[in-house]
Amino acid sequence: MTHPYARELADFLRARRSRLHPSDVGLEPGANRKVTGLRREELALLAGLSTDYYQRMEQGREVRPSDDVLDALAAALALDNEERRHLFTLAHAARRPMPAQVDHGPERVPASTYRLLQVMDTPAVVLGRHLDILAWNTMAEALLGDPDDYPPDRLNMLLLMFDDTRTAERRCQDWERQALDYIGMLRTAVATDPTHPRATAIVGELSIRSPEFRRLWSRHDVRESVSGTKTFHVPEVGDIDLDWDTYPLPGNPGPVMLVFTAEPNTPDADRLQLLAALHATRKRPS
């Protein structure tokens with residue numbers, strides 16, 4: 001049976017190879033070319049490897065590349081720092097036998113993290129390694145909606161983004177970029193445990209029912225932490241532009257805190273505070 005890390009490494013190499021064009025690396029494409037990306041033999045030549053050796057890597061066969069080989073591949077594929085670390089993580093894991101038993105117990109949020117969430121005056125949620133929403137504060141509830149309205153197994157950023165009842169959101173200009181960021185974070189998590197049942201369930205479900213997800217997932221993009229700007233369309237107060245950032249929490253791999261902030265003393269900050277006040281009024285017992 002193919003080692004799961006070797007299979008993930010093979011898929012990553014194919015995706016990165018197909019991203020490069022001959023002109024990107026100073027090669028002439030030729031007249032009868034049938035592939036848009038680099039051929040295996042071209043990449044092997046650039047990395048100083050035999051074509052047979054590289055082909056076996058892309059087939060997920062029993063190959064244990066040295067760090068020097070990985071360095072050569074990273075250079076030939078023009079990988080950025082995150083992609084290079086991903087390559088090394090997968091290859092190093094593929095060298096080791098799979099452990100007989102892996103702890104797949106539930107992720108837990110420390111009490112101190114819950115306390116931190118409650119004293120923050122800006123929306124924040126804690127995401128598990130597979131982007132499950134583990135905890136949130138009242139400001140996040142005001143902005144994003146009440147997580148208690150969803151079954152626990154549906155509280156996942158990717159499942160919510162690709163939810164068929166929320167397809168109107170996909171017309172937003174930044175939707176695909178944010179989806180790629182979350183998908184890249186899940187890819188990084190998969191590199192630490194490609195057989196984790198939660199990752200398998202999420203990727204399996206979305207691959208079956210969403211062509212958009214299949215297209216974006218096949219890119220094999222990776223992200224360790226992400227940030228950006230998002231416009232929230234809130235009927236009660238109007239549009240709110242917020243910056244969002246992710247901050248790693250203790251653990252390896254551990255959860256991350258996703259925090260939304262507004263520029264101080266701006267209409268966006270005022271709208272966010274107004275939204276929080278309206279939410280507090282709605283939640284106050286009568």
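In what follows, Lys and Arg count as positive and Asp and Glu as negative, whereas His and the chain ends are left out of the count. Please note also that this is a predicted model.

**Stop 1: the charged side chains.** Select the Lys and Arg residues in one colour and the Asp and Glu residues in another. The protein chain carries 36 positive and 43 negative side chains. The centres of these two sets lie 6 Å apart.

**Stop 2: the whole chain.** Switch to a cartoon view. The protein chain contains 12 helices and five strands. Along the principal axes, its C-alpha atoms fill a box of roughly 75 × 45 × 35 Å. Next, display the surface. The accessible surface of the protein chain amounts to about 15200 Å², and carbon and sulfur atoms contribute 51% of that area. Of the 286 residues, 46% count as buried. Among contacts with a separation of 6 or more, 59% are between residues 24 or more positions apart.

**Stop 3: the aromatic pairs.** How many aromatic pairs are found in the whole structure? The search finds five. Begin by selecting F162 and W175, which form an edge-to-face pair, with 5.2 Å from centre to centre and 75° between the planes. F162 is in the loop between α8 (157-161) and α9 (175-192), while W175 belongs to helix α9. The two residues are 13 residues apart, and their pair links distant parts of the chain. Are F162 and W175 buried or exposed? Both are buried.

Like F162, F213 is buried.

Ring pairs link F162, W175, F213 and W217 into a cluster.

**Stop 4: charges over rings.** Which residue lies over the face of W217? Select R187, which is placed over that face at 3.7 Å from the ring centre.

Finally, select K230 and F232. K230 lies over the face of F232, at 5.5 Å from the ring centre.

Conventions. Residues are numbered from 1 along each chain as its sequence is written. This is a predicted model: local features need pLDDT of at least 70, side-chain atom pairs count only at pLDDT 80 or more; totals for chains, interfaces and linings use all residues. Side-chain values use heavy atoms; hydrogens and water are left out. Helices (H or I, at least four residues) and strands (E, at least two) are DSSP runs, numbered from the N terminus. Buried means under 20% relative accessible area, exposed over 50%, partly exposed in between (1.4 Å probe, protein chains only). Contact means heavy atoms within 4.5 Å. Accessible areas come from the Shrake-Rupley method with a 1.4 Å probe; for residues, only the protein chains shown count as cover. The place of a charge is taken as NZ of Lys, CZ of Arg, CG of Asp or CD of Glu. Rings of Phe, Tyr and Trp (its six-membered ring) pair if their centres lie within 6.5 Å; planes under 30 degrees apart count as stacked, over 60 as edge-to-face and the rest as tilted. A charge sits over a ring if NZ of Lys or CZ of Arg is within 6 Å of the ring centre and within 35 degrees of the ring normal.
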